[in-house]
Amino acid sequence: MEVKAKLYNDITTVRLKVQHLMQAASEVSKNMPPSTDANYVQEINCEYQGKKVLQIQLGPYISDNPFFEFSFKGGTKGETLKLRWNDNLGVVKKYEAFID
């Protein structure tokens with residue numbers, strides 16, 4: 001996951017790119033052996049100071065390596081954001097990013 005977080009006028013803007021090949025079941029059945037399951041990110045979360053500032057629920061028809069941008073009130077330069085995503089096969093990835 002690529003993450004950039006910037007603070008300006010007490011608003012933190014976060015840009016993130018999730019690096020994941022999002023494969024829907026229809027794509028799998030056309031291009032892959034039958035034993036291959038669909039594989040896509042189901043949920044993305046972001047926490048700041050222990051509070052959830054973002055939760056996204058995704059389905060199987062999202063483009064590869066999706067890009068998201070969101071903002072929240074507050075934030076402090078140098079503080080840490082904790083990000084996490086999980087896919088439908090149980091893979092969980094965790095990241096930390098600093099606010100600039």
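User: Which residues have the most contacts inside the largest nonpolar core?
Analyst: In this predicted model, the largest nonpolar core has 23 residues, and those with the most contacts inside it are Leu16, Val18, Ile44 and Leu81. A nonpolar core here is a set of buried Ala, Val, Leu, Ile, Met, Phe, Trp, Tyr and Cys residues joined through side-chain atoms within 4.5 Å, where buried means under 20% relative accessible area, exposed over 50% and partly exposed in between, with a 1.4 Å probe and protein chains only.

User: And which elements give two or more residues to this core?
Analyst: Those elements are β2 (11-17), β3 (41-48), β4 (51-57), β5 (67-73) and β6 (80-87), and the largest share, four residues, comes from β3. Strands are DSSP runs of E with at least two residues, numbered from the N terminus.

User: What is valine 18 in contact with?
Analyst: Leaving aside its neighbours within four places in sequence, valine 18 is in contact with Met1, Val41, Ile44, Asn65, Pro66, Phe68 and Trp85, and contact means heavy atoms within 4.5 Å.

User: Switching topic, how many aromatic pairs are there?
Analyst: The count comes to one aromatic pair, under a rule that pairs rings of Phe, Tyr and Trp (its six-membered ring) if their centres lie within 6.5 Å, with planes under 30 degrees apart counted as stacked, over 60 as edge-to-face and the rest as tilted. The rings of tyrosine 48 and phenylalanine 72 have centres 5.5 Å apart and planes at 40°, so this pair is tilted. It links distant parts of the chain, with tyrosine 48 in strand β3 and phenylalanine 72 in strand β5, 24 residues apart.

User: Is tyrosine 48 buried or exposed?
Analyst: Tyrosine 48 is buried, with a relative accessible area of 8%, and phenylalanine 72 is buried too, at 9%.

User: What about β6, which strands does it pair with?
Analyst: β6 pairs with β3 in the antiparallel sense over seven bridges, and glutamate 47 stands opposite lysine 82 in β6. β6 also pairs with β7 (residues 92-98), again antiparallel over seven bridges; two strands pair if DSSP finds at least two bridges between them. β6 and β7 form a hairpin with four residues between them, and glycine 90 in the turn has a positive phi of about 95°.

Note on methods. Residues are numbered from 1 along each chain as its sequence is written. This is a predicted model: local features need pLDDT of at least 70, side-chain atom pairs count only at pLDDT 80 or more; totals for chains, interfaces and linings use all residues. Side-chain values use heavy atoms; hydrogens and water are left out.
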